[in-house]
Amino acid sequence: LAVITALSSRSDTDVIIINGRTRDILETWFGSSGAVLVAEHGVWIQRPAGDWELTVPLSSEWKQQALPLFTMYADIVPGSFVEAKEFSIAWHYRKADPEQGSSRARELIGEIDEFTSNINVHVVHGNKVVELRSAGVDKGTAAQYLLDGKDYDFILAAGDDRTDEDLFKAIPEDVYTIKVGYCSSHARYSVNNYREIRTVLEELANA
């Protein structure tokens with residue numbers, strides 16, 4: 001948080017945090033940092049000292065139909081839980097038995113595919129989470145929205161989740177993209193863990 005705040009305080013630097021969490025959570029965690037906050041993978045954007053903006057018109061009518069399915073999986077997998085957001089539903093299994101969680105996640109995705117055949121939604125299997133959200137919004141489209149009309153001389157984008165691949169694919173090729181953790185990725189570079197990317201950010205903050 002100190003590094004993010006230090007970077008945000010620089011007059012020549014913009015810090016943007018794009019996350020799948022809700023507006024309330026991001027505001028609680030980073031509201032005082034001076035960073036631009038993007039919630040629910042790009043649905044909501046809040047610039048420093050500004051109000052939350054809805055980036056595209058979306059409907060959440062489908063949520064009531066899908067919620068019982070997610071709740072059922074939370075009931076049958078100990079340690080898992082459902083997070084209902086404004087325009088998405090997520091089933092988290094990071095605290096569940098890894099083998100059971102992975103197996104049930106595949107089952108849930110299969111059932112979602114049948115359920116969503118006639119609904120404009122998109123399922124994403126992230127890092128120990130299965131999320132169903134309104135189609136047309138992801139971290140990549142959020143980044144494009146925020147970069148539109150800007151003329152930065154240096155851009156760095158980093159992330160550790162499968163949902164960050166949308167970001168890596170969408171932004172210009174000359175951007176410095178960093179995958180946190182070694183696995184197949186569209187990012188140009190990679191680091192081992194969050195400690196290493198934090199070191200990179202600290203060096204930028206002190207440059």
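**Strands and a surface patch**

Tutor: In this predicted model, strands β2 and β3 form a hairpin with 4 residues between them, and glutamate 40 in the turn has a positive phi of about 50°.

Student: In which sense do β2 and β3 pair, and which residue in β3 is the bridge partner of valine 38?

Tutor: The pairing of β2 with strand β3 (residues 44-46) is antiparallel and extends over 3 bridges. Within β3, the bridge partner of valine 38 is isoleucine 45.

Student: Are the residues of strand β2 buried or exposed?

Tutor: Strand β2 covers residues 36-39, with Val36 and Val38 pointing one way. Leu37 and Ala39 point the other way, and all four residues, Val36, Leu37, Val38 and Ala39, are buried.

Student: Which residues make the nonpolar surface patch, and why can tyrosine 189 be counted in the patch?

Tutor: The patch of about 290 Å² is made by Phe154, Tyr176 and Tyr189. Tyrosine 189 lies in strand β11 (residues 189-191). A patch residue needs over 30% relative accessible area; tyrosine 189 can be counted because it is partly exposed, with a relative accessible area of 39%.

How values were computed: Residues numbered from 1 in each chain as written. Predicted model: local features only at pLDDT ≥ 70, side-chain atom pairs only at ≥ 80, totals over all residues. Heavy atoms only, no water. Patch = residues over 30% accessible without salt bridge, like charges linked within 9 Å, V, L, I, M, F, W, Y side chains within 5 Å. Areas by Shrake-Rupley, 256 points an atom, 1.4 Å probe, with all protein chains shown as cover. Salt bridge = Lys/Arg side-chain N within 4 Å of Asp/Glu carboxyl O. Helix = DSSP H or I, 4+ residues; strand = E, 2+ residues; numbered from the N terminus. Buried < 20%, exposed > 50% of the residue type's maximum accessible area, 1.4 Å probe, protein only. Pairing = 2+ DSSP bridges.
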